[in-house]
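Please keep the sequence and the structure in view while reading.

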Amino acid sequence: MRTVLVCAVGIVVVGLVVGAQTVNLGKEFQDASLGYALSYPSDWIYQRPSEYTVVFSGRMGTPAYHATVTIQNVASTRIGGIFEDVISVVNDYKCQLVAGVEEIYFYDQKVWRWRLDDGRELQGIGFTAEYPLQGDVFKTSEVIFPHANGNVFCSWAYSAPKEDYDTYSDIANAMFDSWTFTTGVSGSSTTQPPAGTTSSSLATLFEVRDHIYRLANSDSEFNLGNRDKKQYTITVPAPGYLSCILIDEQEQWIGVKVYNSAGEEVAGKATTAASIYGGTFEVLSGSYIVEVGPGKFLDDSDFHLYIVFGQSEFTEEDLIAQFGDPYQVLGK
């Protein structure tokens, strides 16, 4: 039985709820080399895009074609892989997702447990992501467990266009409930994102349009802290590089700062900077607070903020190639 550790992390991940409504799963999939078995609908198909990856979906031409359940085995360090624990696999999957889309939103990361028939308990990690893809918005719920044999990690991901996600979630839930481990030992040395994503060098982790309002009537009021500020929380999926892009109105000094969990400023864009680009900063994986605020008491401006992530170091020229002129101004 697979459950979420409610006392530690809250409610169940949407779309992977144990105890789904009754669904007719008329076919069985089992592969001894992969070490698992499950049931799937009679009118669905499966494909093997790689040796250790299986993708289930509706048939081409049906509404369920873009609803997919992807299972992948990833080798642990015990059999020559690069992954030592579940969290390292989770972070690598997030990197794969970030590299495959222009922007992405991660949320609902939770601890899962799987109690086996022999009394052992496996602990996994799940998360949910939303991202634009091919003119649509997709939603993915993913859970990674260590296999019962201890040699591989198994990733389960249910993905669908957001508008169709709830339509097929009962099927995904029923398949998830039917998923059992056997004795397989094989696994890939690398992870792959859920079906449908592509590759690019830079990804937009966060994007928002908002407004900073003038609150102070003088410099002294402003210096005493009477100023508008906007705060947002972002998740950096893995070690890499971060850049802040902020576009405001003419003659406005709106800036942005990024703080780590210890409250240390790790990235940002100065209020006085003419360029919309704020430099490139090395960061670790984890949660960060993004704070946007004015540089002078007269500031009152709309702003457009991007937080950009890359797995390898990048330059302002790379940002210009993707986001354009460094001297953009809103309203022009």
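Strands, like helices, are taken here as DSSP runs numbered from the N terminus, a strand being a run of E that covers at least two residues. In that sense G255 is found in strand β15, which covers residues 254-259. The model is a predicted one, and its protein chain holds five helices and 19 strands. Buried residues make up 50% of the 332 residues in the chain, and of the contacts with a separation of 6 or more, 67% come from residues 24 or more positions apart.

**The surroundings of G255**

- G255 has a relative accessible area of 5% and therefore counts as buried, the limit being under 20%.
- Leaving aside residues up to four places away in sequence, G255 touches L246, K269, A270, T271, E291, V292 and G293.
- G255 and F303 are separated by 48 residues in sequence, while their C-alpha atoms are 9.6 Å apart in space.

**Nonpolar cores**

- The largest nonpolar core has 42 residues, and the members that touch the most others are I104, L242, V292, F303 and L305.
- Helix α2, which covers residues 86-100, gives the most to this core, with six residues.
- L305 is in contact with F206, E207, V208, Y232, I245, L246, V256, V290 and V292, when residues up to four places away in sequence are not counted.
- Another core, of 35 residues, lies apart from the largest one, and F29, L38, F56 and F145 are among its members.

- Three strands form an open sheet in the order β2-β3-β11, and their pairing is antiparallel.
- The edges of this sheet are β2 (27-31) and β11 (180-181), each of which pairs on one side only.
- Between β2 and β3 (residues 36-40) the antiparallel pairing extends over five bridges, and D31 stands opposite Y36 in β3.
- Helix α3 (residues 162-178) packs on this sheet, where it touches β3 and β11, and its direction makes about 150 degrees with that of β3.

**Strand β10 and its partners**

- Strand β10 (residues 152-161) is mostly covered, since ten of its ten residues are buried.
- One partner of β10 is strand β6 (residues 68-75), which runs antiparallel to β10 and is joined to it by eight bridges; here T68 has S159 as its bridge partner in β10.
- Another partner is β9, which also runs antiparallel to β10 and is joined to it by nine bridges; in this pairing the bridge partner of S141 in β10 is Y158.
- β9 and β10 together form a hairpin with five residues between them, and in the turn G150 has a positive phi of about 80 degrees.

**Aromatic pairs**

- The structure holds 20 aromatic pairs.
- In one of these pairs, the ring centres of Y40 and F56 are 5.1 Å apart and the planes stand at 50 degrees, so the pair is classed as tilted.
- Y40 in strand β3 and F56 in strand β5 (residues 53-58) are 16 residues apart, and their pair links distant parts of the chain; both Y40 and F56 are buried.
- W114 and F145 make an edge-to-face pair, with 5.2 Å from centre to centre and 75 degrees between the planes.
- Because W114 lies in strand β7 (residues 105-115) and F145 in strand β9 (residues 136-146), this pair ties together parts that are 31 residues apart in sequence.
- W114 counts as buried at 4% relative accessibility, and F145 is buried as well, with a relative accessible area of 0%.
- Ring pairs link a cluster made up of F29, Y36, Y40, Y46, F56, W112, W114, F145, W156, F176, W179 and F181.

**Charges over rings**

- The charged end of K94 sits over the ring of F106, at 5.2 Å from the ring centre.
- K139 lies over the face of Y165, and its distance from the centre of that ring is 4.5 Å.

Conventions. Residues are numbered from 1 along each chain as its sequence is written. This is a predicted model: local features need pLDDT of at least 70, side-chain atom pairs count only at pLDDT 80 or more; totals for chains, interfaces and linings use all residues. Side-chain values use heavy atoms; hydrogens and water are left out. Two strands pair if DSSP finds at least two bridges between them. Helices (H or I, at least four residues) and strands (E, at least two) are DSSP runs, numbered from the N terminus. Contact means heavy atoms within 4.5 Å. Axes are lines fitted to C-alpha atoms, for helices over the stretch in contact, and angles run from 0 to 180 degrees between N-to-C directions. A nonpolar core is a set of buried Ala, Val, Leu, Ile, Met, Phe, Trp, Tyr and Cys residues joined through side-chain atoms within 4.5 Å. Buried means under 20% relative accessible area, exposed over 50%, partly exposed in between (1.4 Å probe, protein chains only). Rings of Phe, Tyr and Trp (its six-membered ring) pair if their centres lie within 6.5 Å; planes under 30 degrees apart count as stacked, over 60 as edge-to-face and the rest as tilted. A charge sits over a ring if NZ of Lys or CZ of Arg is within 6 Å of the ring centre and within 35 degrees of the ring normal.
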